[in-house]
Amino acid sequence: MFIVRLRKAHLESGLSKYRVNKDTGIAPDTISNYVDNESVEVGTLNPALIKLCDYYGVSWRDPEVVEYIGEGKYSLSEDEDNPQGNKKTLLTALAS
């Protein structure tokens, strides 16, 4: 599971969702899903998400943009593997 935060990048771009749709070819509903909410929980990193990250000039590898939270909603709570409840990137999670 991942938490995706693209709202800030979208707002900073100053672009409309319509413009993003025309430039990227990504469906308007998909764009709205990612940019109308402060964060969105998703199960996979799909091509549209990667394309939006590239379009906004942010990295999907940055845990402030795409945070890996494990298999369930509370997978990164304090536990023996993550005593501080720190954010993990996908790459960090795969290495552990």
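Where is the place of Tyr34? In this model, which is a predicted one, Tyr34 has its place in helix H3, the helix that covers residues 28-35.

Is Tyr34 buried or exposed? Its relative accessibility is 2%, and because buried means under 20%, Tyr34 counts as buried. If we leave aside the neighbours within four places in sequence, Tyr34 is in contact with Val4, Leu6, Arg7, Val40, Val42, Asn46, Leu49 and Leu52. Take Val4 from that list: Val4 and Tyr34 are 30 residues apart in sequence, while in space they are 7.3 Å apart, going from C-alpha to C-alpha.

Val4 leads us to the sheet. Strand E1, which is residues 2-4, runs antiparallel to E3 and is joined to it by three bridges, and Val4 itself stands opposite Val66 in E3. The sheet as a whole is open and has three strands, in the order E2-E1-E3, with antiparallel pairing. Strand E2 (40-42) and strand E3 (66-68) each have a single partner strand and stand at the edges, so each of them has one side left without a neighbour in the sheet. On average, and with direction ignored, neighbouring strands of this sheet are turned by 25 degrees against each other.

H3 passes H4 in a right-handed crossing. On the H3 side we find Thr30, Ile31, Tyr34 and Val35, and these meet Ala48, Leu49, Leu52 and Tyr56 in H4. By class, the residues of this contact divide into seven nonpolar, one polar and no charged.

The other packing partner I want to show is helix H2, residues 17-24, which packs with H3 at an angle of about 125 degrees, the axes being 9 Å apart. H2 and H3 are therefore oblique to each other, and H2 passes H3 in a right-handed crossing. Lys17, Val20, Asn21 and Thr24 of H2 make this contact with Pro28, Ile31, Ser32 and Val35 of H3. What is the make-up of the contact of H2 with H3 by class? Here there are four nonpolar, three polar and one charged residues.

Methods:
Residues numbered from 1 in each chain as written. Predicted model: local features only at pLDDT ≥ 70, side-chain atom pairs only at ≥ 80, totals over all residues. Heavy atoms only, no water. Helix = DSSP H or I, 4+ residues; strand = E, 2+ residues; numbered from the N terminus. Buried < 20%, exposed > 50% of the residue type's maximum accessible area, 1.4 Å probe, protein only. Contact = heavy atoms within 4.5 Å. Pairing = 2+ DSSP bridges. Axes fitted to C-alpha atoms, helices over the stretch in contact; angles between N-to-C directions. Parallel < 35°, antiparallel > 145°, perpendicular 65-115°, else oblique. Left-handed = near helix turned anticlockwise from the far one by under 90°. Nonpolar A, V, L, I, M, F, W, Y, C, P; charged D, E, K, R; others polar.
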